[in-house]
Amino acid sequence: MCDIRAVIFVVLLVGLFSWPALAEKRVALVMGNSAYQNVTPLTNPTNDSIAISETFQKAGFDVVDLKRNLNVNETRRALRDFSDKVRDADVAVVYYAGHGMEIDGTNYVIPVDAALERDIDAFDEAIPLDRILAVIEPAKALRLVILDACRDNPFSKTMKRTIGSRSVGRGLAKVEPNSPNTLIAFAAKAGSTASDGDGSNSPFTTALIKYLPRPGLDLRRVFGFARDDVLRMTHNKQEPFVYGSLGGEDVSLVPDTVAPGAGDPNAAIRRDYELAERIGAKAGWDSFITNYPSGFYNDLARAQRDRLVAEEAAKMEKRAPSTEKNRTADQEPKDGKPIGPVATLTPPGRVDEVAAKAGQLNATDIPRLLQIELQRVGCGPTTPDGAWNASAQRAMNLFNRNAGANFDVKTASLEALEGVRSKSTRICPLICEHGYKADGERCVEIVCKSGFEVGDDNTCARVQSTKPNARRAKPEQSARPERTPAMATRPKPNPELAGSTKPQWKPLYRGGRQAHY
């Protein structure tokens, strides 16, 4: 007994939580008036109402009430009966095809027995749009009124005006719903008329039965697509219009029935095919063909692989005769100046790479091919020996910085190989030795003008003079004997008496007398 109670509890619990998804109730009232008794009958409204009711039934509506050629009392009764079905509905739709008119700003749908001899007869013989809106007001999620009733009004030509200022419009008047999540769709915008159509259905209904039953298609897009079709069918003479607004979520009359994960059975294959196509390498196509050995995408993958092999073979054949000639021309000096180290974008190992791509690409070939490609784009390493060492990792890191990539530098991967291979021009800047500068794809010697030389920063700097800053040597002072009184008083030779035999003595005065010695 306890087990039975537990099972019942689980069933009730599951039903409770799945109720919102399973309990959405959709109801529709479809009316079409063609057999008018007091004016010329219309051809298509009856056909239109049948087509729309079938559309709603195929879409899985819970209630679809189809009413045709209703008089005024039958119309009131149909609306009253439909109001009972709307009370617990989530979606309520009223579709009307037939004559409609606007009197003094109020829109009416016209039953087949209306005479409308005077403008005030509309209160008794026609049904105002406000009454239809009141009927669908209880719907919880969506309230929708579709009026294919904007045809040229035949009653306005004979209708008497009881008040001269009361207007009888051409077509229907603009309306703004007071309730949220309410849409009112006119076959033609306010103040204009709609065509009944030359076929079995009107242009507006023809477009609606095309787009309304599409699962998951938002109503705003439904009426947008219908508008485009009607404009095209009527040569821009009739433009449908929608009044009211919905929230941000998509609202469709037919829910999207595709279960999660139950989509295109080839979705996974197509995703892998697109990945291999994005890589664009023979190894990628070989992997795809191995995992999907048959089918349409396998045939496409084989064609892609064969195309790559043919293109690479053609490139290798075209490049081989001119390889040595181009290499010799690149090494010739320009203007008689010696050329420094040359960085080439097509290293000698390129031929080995093409040969590797023409056959099966092994995992052991990837490091050497990646080194070749890194050298081709100017990132090094200097020797493509296939050893993924510190030098190769530095080259990979240099490529990442200059190309804005994020490949793993610790391992040589196929993804990195294809990423480097996709670059057709130099990625890493050309680095020249001291005394040389980059000139395109080669290093040339830096030549400075007279009085300048190449400095430590590899630019020309003025030559500094190297004159010695010698200090003047002081003359050595010879040792002199001490002066004696006699030496101090001894007269100096007289230059006037030079060459004379007389002794050159000056007189000395002592005590006022001259004395000669």
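In which sense do β4 and strand β5 pair, and over how many bridges? Before the answer, some ground rules. This is a predicted model, in which local features need pLDDT of at least 70 and side-chain atom pairs count only at pLDDT 80 or more, while totals for chains, interfaces and linings use all residues. Residues are numbered from 1 along each chain as its sequence is written, and side-chain values use heavy atoms, with hydrogens and water left out. Helices (H or I, at least four residues) and strands (E, at least two) are DSSP runs, numbered from the N terminus. Two strands pair if DSSP finds at least two bridges between them.

Now the answer: β4 and β5, residues 106–109, pair in the antiparallel sense over 4 bridges. Within that pairing, Ile 103 stands opposite Thr 106 of β5. Both strands belong to an open sheet of 3 strands in the order β4-β5-β6, with antiparallel pairing. β4 (100–103) and β6 (127–128) each have a single partner strand, so one side of each is left without a neighbour in the sheet.

Next, the other sheet. It is open, has 6 strands in the order β2-β1-β3-β7-β8-β9, and its pairing is mixed. Its edge strands are β2 (63–68) and β9 (241–245), each pairing on one side only. On average, neighbouring strands here are turned by 10 degrees against each other, direction ignored. Strand β1 (residues 26–32) and strand β3 (residues 91–97) run parallel and are joined by 7 bridges.

On to helix pairs. Axes are lines fitted to C-alpha atoms, for helices over the stretch in contact, and angles run from 0 to 180 degrees between N-to-C directions. Angles under 35 degrees count as roughly parallel, over 145 as roughly antiparallel, 65 to 115 as roughly perpendicular and the rest as oblique.

The axes of helix α4 (residues 72–86) and α6 come within 8 Å and cross at roughly 25 degrees. That is why α4 counts as roughly parallel to α6. In this contact, Arg 76, Leu 79, Phe 82, Ser 83 and Val 86 of α4 meet Arg 131, Ile 132, Val 135 and Ile 136 of α6.

Helix α7 (residues 203–211) packs against helix α8 (residues 219–233) at an angle of about 140 degrees, with the axes 9 Å apart. That makes α7 oblique to α8. Residues in this contact include Phe 204 and Leu 208 of α7, and Phe 223 and Val 230 of α8.

Last, helix α9 (residues 267–279). How far apart are its end C-alpha atoms? They are 19 Å apart, which agrees with the 18 Å that its 13 residues should span at 1.5 Å a residue; the expected span is 1.5 Å times one less than the number of residues. Just after α9, Gly 280 takes a positive phi of about 70 degrees. α9 packs with helix α10 (residues 282–291) at an angle of about 160 degrees, their axes 9 Å apart. α9 is therefore roughly antiparallel to α10. Where they touch, Ile 269, Asp 272, Tyr 273, Ala 276 and Glu 277 of α9 meet Gly 284, Trp 285 and Phe 288 of α10.

Technical notes: Contact means heavy atoms within 4.5 Å.
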